[in-house]
Structure formats: structure tokens, C-alpha cells
Amino acid sequence: MVVIHKPFVEAAKMDEVILCRLMPEEDLFANLKKIAGDHGIKRGVILSAIGSLKNVVFVNVRPHIGIPVKTEDMVEIEDAGPFELLTLEGNFFPSQEDGEPVIHLHAILGTSSGSVSGGHLLKATVFTTAEIIIGSIAGSSVYKAMSDVTRRMELLKK
Amino acid sequence: MVVIHKPFVEAAKMDEVILCRLMPEEDLFANLKKIAGDHGIKRGVILSAIGSLKNVVFVNVRPHIGIPVKTEDMVEIEDAGPFELLTLEGNFFPSQEDGEPVIHLHAILGTSSGSVSGGHLLKATVFTTAEIIIGSIAGSSVYKAMSDVTRRMELLKK
Amino acid sequence: MVVIHKPFVEAAKMDEVILCRLMPEEDLFANLKKIAGDHGIKRGVILSAIGSLKNVVFVNVRPHIGIPVKTEDMVEIEDAGPFELLTLEGNFFPSQEDGEPVIHLHAILGTSSGSVSGGHLLKATVFTTAEIIIGSIAGSSVYKAMSDVTRRMELLKK
């Protein structure tokens, strides 16, 4: 179901700060989803994440495209790495359809040349460790719904 | 007015967590300023921001320069993009002169090659969406004043 | 002492938000350690940091390596800069051995070409300013202990 998206501003509170340590070979998305479920965190924001990742897949958009973004406007990049995880920015909010957490992450990765790569993250495995600090959000009625503009699940306020 | 700047450490509290969704064609700085004004957020820190930007202007400093930083020490880069917004780091505090929010942002942007660019952000327009989470800060007497060293508005404690 | 590391999830609270301004020529790690000590912040997460750095040393891992990470798997990069500090991601927790704060930081730096570099930060000096916002964490029993896998001090829950 595609929903008309509108801008919004909502004042909520940070409830808990969730400290997570992931281990080698763990899947980043599956573990974040499990942590959210096990600990009843409906809405969260990544406050900080460091460690290292491998077998990473991410996408970026091509220059000079417009909206709506089409499949051919995006470039998927796959790299075995491993890489230092330099930033992990993102959030999770419940899907409007089934209430399951929709995790949206952008990552930046360090390479041995000192240069840096990254994008909208689709898949990643922990290499040595991941120290992830999540702020859980209380008092919010924001959820995620499919956008006809971005073709991704985007934030929407009921 | 140029002020002598001093180091400081101040313990404050995070009051609210402000969830914002910006829409295509919206100006990033103008909207953050409007959100701060409309919702009475005097002091804030960007906790997280993802989405995509276009028509971006940012600056970086040249290597081997000293302080004070001169205009010719900075390189301005303009790029129509669009880009995935991979990180947005920054804060806003009231100007010492007129109390208006001074917004200082650093952004990192993903490109279709997988490489990443960024710097001190001067201008940006939302491409598809921007999901910005701001922590509002209570119990602070920090403001922004022009620094003779950086030639930018910098943090200062009264 | 090398400790067997395990994954964990711990719910804690954000206590205070510490606003710090560092000045030109100050050492980043020494100052963060001093701030943590002077203000009794046992556990903290970097929520945001902007400004500029110089005389930076950081490391990244080589591609196609496995664990445990060996010294020759890491590439150390030293650059006088200066650079815009685009992100500083990391945390500090007390060492299991002596209770001293172990500061783990990843930084991303802007260059005058608009490209970006970064990695696991070992050393940095403030160029013009550093505006660092730390969230202090209460209700946590997490500390840092040497990992036999990463050969770094990693998060561990008692």
C-alpha cells in the first residue's frame, strides 16, 4: 500500500539507551531486529556504532536523476571487505502494515587506503565486533510506510 | 563582534527528542531554523539524519594552513547530486547577538561510485526525504559567537 | 589479561549531556580523558562532534583478512591535515583492569578535494575548534577488556 507522505515534526522522549555488542559472523540487520523484538523497543535511533563489518552490500543513487527514483537509478555495490565501521546512521520504526520494525541504515566504511566508502546499507556481517548504542523513543506515533517517491519505507506520522 | 573564546565543559540534559520529516525540494537550513523556532527549541544537537540531498554546497580547508583561517584557505564545492545523506553531524545554539539559532552542520554524501564526499555544509535541498532526529538541550547557557580564529560562529559559554 | 567475549544487550539511561569546547593545539584523547575524569563521567557515548583536526593518525584493516586481526593486517595512516572533522563516532567505558576510561573513536575527515578519509583514530590535535557533545550513561555495568579477536579493548558486560 502506497501512502501520501507529508512532512511532520513530533516531540518525543528518549526512554532507554540500549548498549549492544554483536559478535563475529552475526548478521547486522537480523540481530538489530531480534534486539528490538526481544527488548520491546518499538522505535529507536542509532546513537553510535563502531566496530568492523564484512560482506557488505549498499546502494547509492546516480547523479542527475529525479523523483520518483527508479530501480535503474540506483547502483548496488558489494564488497567482501572487511572494513572499519566508521558511522552507522539510521533508525527503526514499526511498519504501518504489520508493526514489524523497519530498519533503515546508512553506513560509512574505512578502507586500507584511508579512503572511505558507503551508502544505504542492504546487508552486512560483523567482522570483529559491533558496539551499537540505540536510543529508544517513547511518546511517538511515527511509523514507516511505503513511499511512491522513494520506493522505500519512509517515516510517516499518524 | 569578535569574542575571546575559551574552552569549557557544561553538563546539561537532553529534554525532548524531535522527529522531523522533510520533503522533496525543501531547503535544509531554512527548515531546521523554522522547526527550531516553531517548536521553541533553543539548543539542539543532530542525533541522526538519513535521506537524500541535492544541490549541495560545502567547504573544506586546504592542507598545511594555519590559524586564523583565511577565505583563500577554504575550498567551496558545489554539486547538484543527488546523493544519499550518510551522516549529518552538527548542532544549533542561539547567536549571542540576536538569539537566532546558528546552525552548524557537517555532511557526508554517498556517490554512485561508492566513494563518499563531504564537508562543512553551506546549502542543501532535500531530494527524496530527510529523517532528522534532534535532541533538544535543557539547562545550558551555551551560545554562538563569532570567532576570530575560525571566522565562524563558535560555541561559547556565558 | 584476555577475556572471553560474549554478545550482550543492556538497557541503561542517558544521564547528562556534556557539552565540550576544545581549543587549538589541544590533544583530543588527553582532553576527553580529562573531561571524563574531572566530571565523573564513567561511561559515555559521543553524540556529536564537529570542528577541525590536524596531525591525525588512524588505522584501517586490509581487505581479505580474517580474525584474529594481526598487526600486519592493519594500515596506519598519518596526515598533518588540517581537516574538517565530519564525524566522530565512539564511546568510553572503564577498563576492567584499572577503571580508567578506554576511549575508542572512529573519525571521518574532509579534504580540500571534497573526498573524505578516516578510520580508527589513534591520535589527533584540535586545529580550530572541537564542539563535542557526550551522552553520559547511567545504570550500566559494561566495561572494556582486551579481546583476543580484535587485539583491542572491547565492550564486555559483567
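Select chain A and chain C together: between them about 3400 Å² is buried, 64% of it given by carbon and sulfur atoms; buried area is the accessible area (1.4 Å probe) that two parts lose on being put together, summed over both. The model is predicted, so local features need pLDDT of at least 70 and side-chain atom pairs count only at pLDDT 80 or more, whereas totals for chains, interfaces and linings use all residues. Residues are numbered from 1 along each chain as its sequence is written, chains are lettered from A in the order in which they are written, and side-chain values use heavy atoms, without hydrogens or water.

Next, colour Leu19(A), Arg21(A) and Glu84(A), which supply 22% of the area that chain A buries against chain C, more than any other three residues.

Then display the contact residues (heavy atoms within 4.5 Å): 38 in chain A meet 50 in chain C.

Proceed to Asp15(A) and Lys13(C), which form a salt bridge with the closest N and O atoms 3.1 Å apart. The count between the two chains is two salt bridges, each defined as a side-chain nitrogen of Lys or Arg within 4 Å of a carboxyl oxygen of Asp or Glu.

Now select strand S2 (8–22) of chain A, strands being DSSP runs (E, at least two residues) numbered from the N terminus. S2(A) gives the most to the side of chain A that touches chain C, with eight residues.

Strands pair if DSSP finds at least two bridges between them. At Val17(A), the bridge partner in S2(C) is Ala12(C).

Key. Helix = DSSP H or I, 4+ residues; strand = E, 2+ residues; numbered from the N terminus.
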